[in-house]
Amino acid sequence: MADLTCEFLGIRSPNPFWLASAPPTDKAYNVNRAFEAGWGGVVWKTLGEDPPIVNVNGPRYGALHANDRRLIGFNNIELITDRPLQTNLDEIRQIKKDWPDRAVIVSLMLPMQEEIWAKYVPMIEDTGADGLELNFGCPHGMSERGMGAAVGQVPEYISMATSWCKNVARIPVIVKLTPNVTNILPPAKAAMDAGADAVSLINTINSIMRVDYDTLQMHPTTDGLGTHGGYCGEAVKPIALHMVAEIARHNETSNLPISGIGGITDWRDAVDFLALGADNLQVCTAAMIYGFKIIDDLTDGLSNFLDNKGMSSITDLVGSAIPSVTDWQYLNLNYVEKAFIDQDLCIQCGRCHIACEDTSHQAITCSVDGRRHFEVIDAECVGCNLCTSVCPVEGCISMKAVSDGIDARTGNPIQTEKLNWTMHPNNPMKKVP
Amino acid sequence: MSDKQPNIQPGRLDKETVESNFSDLHPPLQSSEARIEAERCYFCFDAPCTTACPTGIDIPGFIQKISSNNLRGSALTILTENIMGGMCARVCPTEILCEDACVRNIPGDKPIEIGLLQRYATDPIFENNTPLFTRKPPTGKHVAVVGGGPAGLACAHRLAMLGHAVVVFNQDKKLGGLNEYGIAAYKTVNDFAQREVDWILSIDGIEVQTDMALGTHFTLKDLSDEYDGIFLGIGLGSVNKLDIPGEDLPGVENAIDYIGKIRQSKDKTTIPVGKNVVVVGGGMTAIDIAVQSKHLGSSAVTIVYRRGPKQMGASTFEQKLAQTNGVSIQYWAQPLRIHGKNNVAGIEFETTNVDQNNSLSVSGDKFHLNADIVFKAIGQTLDNQKLGQELSNLSSKRGKILVDQTQATSMPGVWAGGDCVLGGNDLTVSAVQHGKIAATAIDRALGAPPDG
C-alpha cells in the first residue's frame, strides 16, 4: 500500500486531501464530520475583521447541470465567514486539540493596512492552527471592497499583504491565487518574492450561470437582482491544471510549493494535479455535491493508482508530468500522427465523419464501395484528434504515429529529426542554428 | 368429441384486474427519464434509425430537441414526416425498425428508446390540441380520399396542407381504420386514436363523410366525375379463410373483428371470452387477440403458427410479450379441421416443416387442442365481394392493388396506399408514408410545381 501521508510546508496530514476554505469548513460541526470521514485537513472558512460580514439570505449557489442532472459546474456568491471572529477562533482551537494529526489551516482576508494584519495574525496563530492561507482569490463581493481577487489581480498588492503577514507570522503562509488574471506567473512570483511559503490555486472564476428562460432575468437572483459569482466544480479543472503547471514548470517559481485546487472530484483528478506539480490538494465542490464520503474513493483510488505505478508515496508522483509541458514553439513540427479507426470497435455512428467533414479536414469517409463505412483518408488527415474526441466508443479511434515513409497528406518523407518553430524555415524570427 | 356448451362468458376477471390488464403497455417517460434517454443518443450522421423508419423521421434531430427541452420543435420534426407520429410511437414495432437499427446495438448496448421518446415529444401536442401546421391558400382543387385509416388520413392531411379541399369517405362511424378497430387496447389507451384523428382534422379543409363505403354507397365513377383526384386507402376488408372443415361453426371468429369489439367496448368485463382459446396465425393481430383474451381471463390461450419464430410476422418482442402474458405459442403446425357439433369444441393440427427450398410440408404428426373459440388471424384481403366491380379496372396482384413509386394506380387520377396495395405491410407507419407520397404526387398532378 502506497503511503498517502502528505507533508506540505512541514504540515503533516494522513492524506493530501484538504477541504478548501468554503462552506464545508465554516464551523466545527462540519469539520468534525469531515475528519470523521477521513479528510486529511481543512482550510477553515476565511476569517475577517469583526463585525462579521453579512451574507444574502437568498440563493448563494448556481448550477450548471448536464441533462442527467449531474452537476458539472457550480458557482457561488457567498462571502467569507459571517460568524463572530471569536466563535471561529474558539472552534479552531478545539478542533486542533481534538484532531492533532490533521492539518488545520486558517484562511484569512483583511483590508490593505499593515497594522490590521499585525493585529489579527497572532490571534489566529494562538489557536494552534498549522498554517495560514491568504484569500487573495475570492472574486465576488469582497473584491468590491478591495479584498480577495482585488488583491490577487495586482502583484504589488499581493506582495504588500503577503509581507505584512509574513512579518508577524511564525507558521507557514500559503497565498491563494485568483484565476481571474491573464497570466498566473506574476501573482505567483509576487507571493513567492514576498516570502509566501506556498501558493494555492485556483480560487473561483468570475461567472454568471445563465438566465431564467421565463423571466429573462439572470439566474439565480436575490430579489430580482443578481451578481457574478465564483465558478468552480469539474468544469474548471482544465483551467486550474494549466495554472498549476505554469507555476510548476517555470524556473523562477518551480520550487514554490503548490496546493492544487479546482474541480477535484475523484482520484483521477488528484493524479492530474499531483503529476502537474501540486504537492497537496484541496477539494470543495465535490464534497458539497456528494458529501464528505467521497474521501473514500479519493484516497483509495489514489492509493491503488500509486501501487499500480509502483510508487510508494505521493511525492513520487508530484511533478512527473511537468517535463512533458512546454510552450507551443517547442513542439516538434516534423512529427506526424494519423487517426486510425478500429473497424472491429466501430459502431457506425458516423460522428467522426460529420465532425471532420463539416468542421475540419474532410479526412473520414462515410461510404466505401456503396456501403456505410468510416475510414480515415490519410491523404487528408492532419492528425488533429477531433474524431478521437467525438467518438463515443473509447479506444475505437486512436492516433498513431507515422514514423517513417511518406506523409500521404504532404507527399513529403517523414523526417526523423525534430524541428520546432524556433528553427522552422517559415519563422521569420527563427534562431540561426 | 363432446358437444357440451362452449365455455364462453364475460367477466372472468373483476373490473379492477381487467382495467389494470388493459392499462398502457409502455407507460410514458417522465421528463427526467426522457432527458437521460435523449442524452444517450449519439446523434449519428445519416442516422441508421432514420433510414429504417418508413416515414424517414429525423430521429436524432427530434431527440436532440428533447434534450434541449424544445418539445414543440421535436414534435414538429416528427409530425412533419409522420402525421401519425403519436400512434406510431405506440404501435410501431420499433424493435424491428428504428430501434433495431440503433448503433448502440452493435456493441451489445441497449438501443435508444426511440418509440418512447417520440411519444414523450408528441404527447403534449395531442393533450393540448396544439396546432402545428397551417394550410396553403386554397387551390380550388377537390380530392376524394376513400378510407379514413392511417393512409387516408395522412394523405388527406398533406393535401389539406397543400391547399386542396378534401373529402374523406369512411365506411365506419369512427375514423382511424385499424388504429381505431384493429389494435390491442393496451397499446392505445385513453381514446388516443380519436384524439389523434381530431387533431389531424383540426387543420381544416378536410370534410368527413362517415358510413360511406365504396361499392355500396358510391362508385369510383361517381368520384371521378366530381373530384380532381382520388386516393384509395381502403385497407383489407376481408379476412383470409382457413379453408378447413368446421370453419363455419359458431365460435370460429375473425380475430380482427373481436379486437375491434374489445376496443369499442367501454366496459371490457362485458366481453364474452372463451376458457380455452386457440389463435391461428403469426402476425401482430394474432398476438393482439391472444394477449387480450388472456387479459380478459381466458385460462388457456394458444397461438398456433405454421412456421417458426423467425418467420413469424410478429416481432420477437411481441412473441415474448405474448409468452410473458401466459400465452403459449406453438410453432410449426397448421390446422387440419375444426371439431364440434353445434359449436367449436376443438381444433386439430398437423405439424409442419420446411425443405431446403423453404417450402412448407406436413410431417403427419397430429395433435388436438380444446377450444371454446378459434380466432382466425392469418391475414386479410381485399373484399372482392363488395369491391369486385369497383376494382376490376385497377391492375392488381396477389389480391392487392398495384401502384407505382408515387402510389399511382393503373387508373389515371387514382392513387392508393396502405394495406390495400401490394407492398403494404400491415404497419401504420407504412400506410402513413403511402398517404404522404400520394398526396405529393396528387399535388403535382393537380398542377403544383415540382418543388411546391
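**Figure 1. Domain division of chain B in the predicted model.** In this predicted model, chain B is divided into three parts: domain 1 covers residues 8-18 + 240-376, domain 2 covers 39-127, and domain 3 covers 142-237 + 382-445. Between domain 1 of chain B and domain 3 of chain B, the C-alpha centres are 30 Å apart.

**Figure 2. The interface of domain 1 and domain 3 of chain B.** Domain 1 of chain B places 13 residues in contact with 13 residues of domain 3 of chain B. The size of an interface is often expressed as the accessible area that is lost when the parts come together. For these two domains of chain B the buried area is about 1,000 Å², with 48% of it on carbon and sulfur atoms. On the domain 1 side, B:Arg263, B:Gln264 and B:Asp288 lose the most area to domain 3 of chain B, and together they account for 54% of what that side buries.

**Figure 3. Polar and charged pairs across the interface of domain 1 and domain 3 of chain B.** The interface of these two domains contains 3 salt bridges and 10 residue pairs in polar contact, both residues of each pair being at pLDDT 80 or more. On the side of domain 1 of chain B that touches domain 3 of chain B, α13 (255-264), α14 (284-296) and α15 (316-324) of chain B each supply at least two residues. By class, the residues of that side comprise 5 nonpolar, 4 polar and 4 charged. In a further detail, the side chain of B:Arg263 forms a salt bridge with that of B:Glu180, with an N to O distance of 3.7 Å.

**Figure 4. The contact between chain A and chain B.** Chain A contributes 14 residues to this contact and chain B contributes 13 residues. The two chains bury about 1,100 Å² between them, and carbon and sulfur atoms give 62% of that area. Of the area that chain A buries against chain B, 52% comes from A:Asn67, A:Ile347 and A:Arg372, more than from any other three residues. The interface of chain A and chain B has 0 salt bridges, whereas 7 residue pairs, both at pLDDT 80 or more, are in polar contact between the chains. Helix α12 (residues 351-359) of chain A gives the most to the side of chain A that touches chain B, namely 3 residues. That side of chain A holds 7 nonpolar, 4 polar and 3 charged residues.

**Figure 5. Salt bridges of A:Glu91 with A:Arg83 and of B:Arg104 with B:Asp109.** Over all chains the count comes to 36 salt bridges. In chain A, the side chains of A:Glu91 and A:Arg83 meet at 2.8 Å, N to O, and both A:Glu91 and A:Arg83 are buried. In chain B, the side chains of B:Arg104 and B:Asp109 meet at 2.5 Å, N to O. B:Arg104 is buried, its relative accessible area being 11%, while B:Asp109 is partly exposed at 31%.

**Figure 6. The salt bridge of B:Lys376 with B:Glu247, and a network in chain B.** The side chains of B:Lys376 and B:Glu247 form a salt bridge with an N to O distance of 2.8 Å. B:Lys376 belongs to strand β15 (residues 373-377) of chain B, and B:Glu247 to the loop between β6 (238-239) and β7 (252-254) of chain B, so the pair ties together parts that are 129 residues apart in sequence. B:Lys376 and B:Glu247 are both buried. Elsewhere, B:Asp24, B:Arg90, B:Arg119 and B:Asp123 are joined into one network by salt bridges that share partners.

Conventions
Residues numbered from 1 in each chain as written. Chains lettered and ligands numbered in written order. Predicted model: local features only at pLDDT ≥ 70, side-chain atom pairs only at ≥ 80, totals over all residues. Heavy atoms only, no water. Domains from an automatic or database assignment. Contact = heavy atoms within 4.5 Å. Buried area = accessible area lost by both parts, 1.4 Å probe. Salt bridge = Lys/Arg side-chain N within 4 Å of Asp/Glu carboxyl O. Polar contact = N/O pair within 3.5 Å; in protein donor to acceptor, adjacent residues only side chain to side chain. Helix = DSSP H or I, 4+ residues; strand = E, 2+ residues; numbered from the N terminus. Nonpolar A, V, L, I, M, F, W, Y, C, P; charged D, E, K, R; others polar. Buried < 20%, exposed > 50% of the residue type's maximum accessible area, 1.4 Å probe, protein only.
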